[in-house]
Amino acid sequence: MTIQLYDVPKSGHCHRVRLAASLMGLDVDLVSVMDMDGQRQGAAYLAINPLGQVPTLVDGDLTVRDSIAILQYLERTYAPDQGWMPTDRRERAQVDEWFAISAGVMFRGPNMARLIKLFKMPGDHDAAVAQSQKLFDLMEAHLQDRAWLVGARATLADIACYAYVAVANEGALDLTPYPNIAAWLARVQALDGFVDIPRS
Ligand SMILES: N[C@@H](CCC(=O)N[C@@H](CS)C(=O)NCC(=O)O)C(=O)O
């Protein structure tokens, strides 16, 4: 059975899922929500995701409507032995923490800065920059003595956190002061099966 991903190419939330599927070697049919009548707010898409948000994954009779929930579903269902989720309970807690960061300060920081600068959404860019700096300072210190966000190999944490950091410049954010983050981005990009988020 084909897995369908309702997708918007420039969405970092959608990119997480495309990246995970590609790294896991899964075939996923992309359905561009941009091509649907009314896009995210059209009746056809709202019937699939009443929040009008992307991504949404449809696998048979199951619909999953959140990028982090989708990452975990794909890993548990199709790639449980590939090591994308640690088995150690302490490392799992750390992955959960990065999931929360990706939905919290990552959302309010680099995601919001990019929405304001690239997509001209109304919002407080200074506040998004402040949030981004907190996040980047945290990541830079965390990556000082480690290659990956959790444990000794790439995990769902790296997959979840990659996109909005990689396109930080599109939100007028400067990564120059963060060499450890730059090295981590390069390590993610070197993974077998890596696919990037389209740049503007
Ligand atoms: N918690 C959701 C958030 C997804 C999200 O915010 N998607 C954005 C695109 S990057 C969206 O669809 N925004 C439209 C809206 O919120 O109305 C997830 O992780 O999938």
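1. Gln 39 sits in the loop that connects β2 to α2. Its backbone deserves a look: Gln 39 is not a glycine, yet its phi is positive, at about 50 degrees. Keep in mind that this is a predicted model.

2. The peptide bond leading from Val 54 into Pro 55 is cis, and its omega is near 5 degrees. Pro 55 belongs to the loop between α2 (43-48) and β3. Val 54 comes up again in point 7, as a residue of the pocket lining.

3. Across the boundary, 14 residues of domain 1 make contact with 13 residues of domain 2.

4. The sheet is open and has four strands, in the order β2-β1-β3-β4, with mixed pairing. Its edges are β2 (28-32) and β4 (62-64), each of which pairs on one side only. From one strand to the next, the twist averages 20 degrees.

5. Within this sheet, β1 (residues 3-7) and β3 (residues 56-59) run antiparallel and are joined by four bridges. In general, the strands of a sheet pair through backbone hydrogen bonds, in either a parallel or an antiparallel way.

6. Helix α1 (residues 12-24) lies across β1 and β2, and runs at about 150 degrees to β1. Helix α3 (residues 67-78) lies across β1, β3 and β4, and its angle to β3 is about 30 degrees.

7. The largest pocket holds about 680 Å³ of space. It is lined by 28 residues, and those closest to its centre are Ser 11, His 13, Arg 40, Val 54 and Tyr 164. By type, the lining consists of 13 nonpolar, nine polar and six charged residues.

8. Which helices each supply at least two residues of that lining? They are α1, α3, α4 (89-103) and α5 (105-117). The most comes from α5, which gives five residues.

9. When viewing the structure, the pocket can be found from the residues closest to its centre, including His 13 and Tyr 164.

Conventions:
Residues numbered from 1 in each chain as written. Predicted model: local features only at pLDDT ≥ 70, side-chain atom pairs only at ≥ 80, totals over all residues. Heavy atoms only, no water. Pairing = 2+ DSSP bridges. Axes fitted to C-alpha atoms, helices over the stretch in contact; angles between N-to-C directions. Contact = heavy atoms within 4.5 Å. 1 Å grid on protein atoms, 1.4 Å probe; cavity = no way out; pocket = protein on both sides within 12 Å on 5 of 7 lines; lining within 4 Å. Points joined across faces, edges and corners; volume = space filled by probe spheres on them. Nonpolar A, V, L, I, M, F, W, Y, C, P; charged D, E, K, R; others polar.
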